[in-house]
Amino acid sequence: MDDLWFSEYDTPSVRFPIKVKRQLHSEKSDYQEISVYESEEFGRFLTLDGVMMLTEKDEFIYHEMITHPAMAVCPGIRRVLVIGAGDGGVVRELSAYRGIESIDVVEIDGRVIDVCREYLPQTACGFDDPRVKIHIQDGIRFIRHLENVYDLIIVDSTDPFGPGEVLFTKEFYGNCYQALTEQGILINQHESPFYEEDARAMQSAHHCISQVFPVSEVYQAHIPTYPSGHWLFGFASKGLHPVGDLKEEEWNRSGIRTRYYNTDLHRGAFCLPNYVKEMLADE
């Protein structure tokens with residue numbers, strides 16, 4: 001029997017293959033193709049329209065880095081909105097904070113949540129937190145008329161194509177600004193700076209956010225199964241600075257357990273390579 005491989009194309013001439021044991025699930029929802037595979041090296045992994053979203057082996061890096069930096073800057077966060085994140089990993093990380101009072105999750109495709117609950121309980125366990133309320137609807141419609149509601153908004157979207165495209169627009173970021181409190185923070189996945197198409201999406205997102213928010217910074221992480229392994233996140237706020245306002249001692253006293261994130265790494269993550277700085281400066 002021939003070996004089975006899943007391949008994702010990072011560009012038309014670069015692909016990332018993973019040897020798989022079997023395909024566990026495949027369906028076409030109202031929005032996208034949802035598949036789950038079991039691999040030799042990375043455990044189970046989720047793909048949407050053929051694009052890898054997470055693997056059991058390295059998902060902790062992404063989910064810790066999209067969640068904990070904001071909480072370390074503003075430990076007083078009480079109300080959180082998560083847009084996307086149908087796998088539950090962001091909610092799992094947020095659930096470690098006892099001071100959070102409510103977590104609204106807005107996911108346009110409810111089937112992603114159902115599939116992850118069944119096949120990826122390692123991440124979907126976050127949905128079991130009683131503070132979580134799930135809304136199956138379009139994120140931009142959900143947030144459009146909200147004002148001064150959330151202390152933190154995390155946009156854990158797919159790439160800026162298909163269902164996730166509207167979450168990379170100036171209109172959407174403007175709505176996020178209105179929905180945040182005065183100490184509010186917006187965190188979003190910011191794509192990769194390495195390949196040309198991803199880099200253009202990154203520059204466009206940063207341009208839109210920086211037109212809306214007084215503070216707009218970018219930070220990085222190394223995620224092995226993401227295109228190029230070099231991934232960026234955006235930190236935006238109405239005034240709080242991600243390094244200058246870091247509550248390092250308070251976060252470390254909280255006892256939150258992580259495998260990737262720590263406050264030393266927090267500071268370093270905002271120190272970007274020159275080629276990324278130049279891309280951001282061009283915008």
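**Rings and charges**

I started with charges over rings, and found arginine 79 over the face of tyrosine 150, 5.5 Å from the ring centre. My cut-off for this: NZ of Lys or CZ of Arg within 6 Å of the ring centre and within 35 degrees of the ring normal. Lysine 238 does likewise with tyrosine 177, at 4.5 Å from the ring centre.

A note on ground rules: this is a predicted model, so I take local features only at pLDDT of at least 70 and side-chain atom pairs only at pLDDT 80 or more, while totals for chains, interfaces and linings use all residues. Numbering runs from 1 along each chain as its sequence is written, and side-chain values use heavy atoms, with hydrogens and water left out.

Next, ring on ring. I pair rings of Phe, Tyr and Trp (its six-membered ring) if their centres lie within 6.5 Å; planes under 30 degrees apart are stacked, over 60 edge-to-face, the rest tilted. That rule gives me 13 aromatic pairs. I looked up tyrosine 177 with phenylalanine 213: the centres are 5.2 Å apart and the planes at 65°, so I log the pair as edge-to-face. Tyrosine 177 is in helix α6 (residues 170-179) and phenylalanine 213 in the loop between α7 (196-212) and β11 (215-222), so the pair ties together parts 36 residues apart in sequence. Helices (H or I, at least four residues) and strands (E, at least two) are DSSP runs, numbered from the N terminus.

Buried or exposed? I call under 20% relative accessible area buried, over 50% exposed and in between partly exposed (1.4 Å probe, protein chains only). Tyrosine 177, at 25%, is partly exposed; phenylalanine 213, at 3%, is buried.

Tryptophan 251 and tyrosine 261 are another edge-to-face pair, 5.0 Å centre to centre with 80° between the planes. Tryptophan 251 sits in helix α8 (residues 248-253), and tyrosine 261 in the loop between α8 and α9 (263-269), 10 residues apart. Both residues are buried.

I also found a cluster linked by ring pairs, including Tyr62, Trp231 and Phe270.

**The five-stranded sheet**

Which strand order does the open sheet have? I read β1-β2-β3-β4-β5, paired antiparallel; for a pair I want at least two DSSP bridges. β1 (4-11) and β5 (51-55) are the edges with a single partner strand each, so one side of each has no neighbour in the sheet.

I checked β4 (residues 44-48) against β5: antiparallel, over four bridges. There phenylalanine 45 stands opposite threonine 55 in β5.
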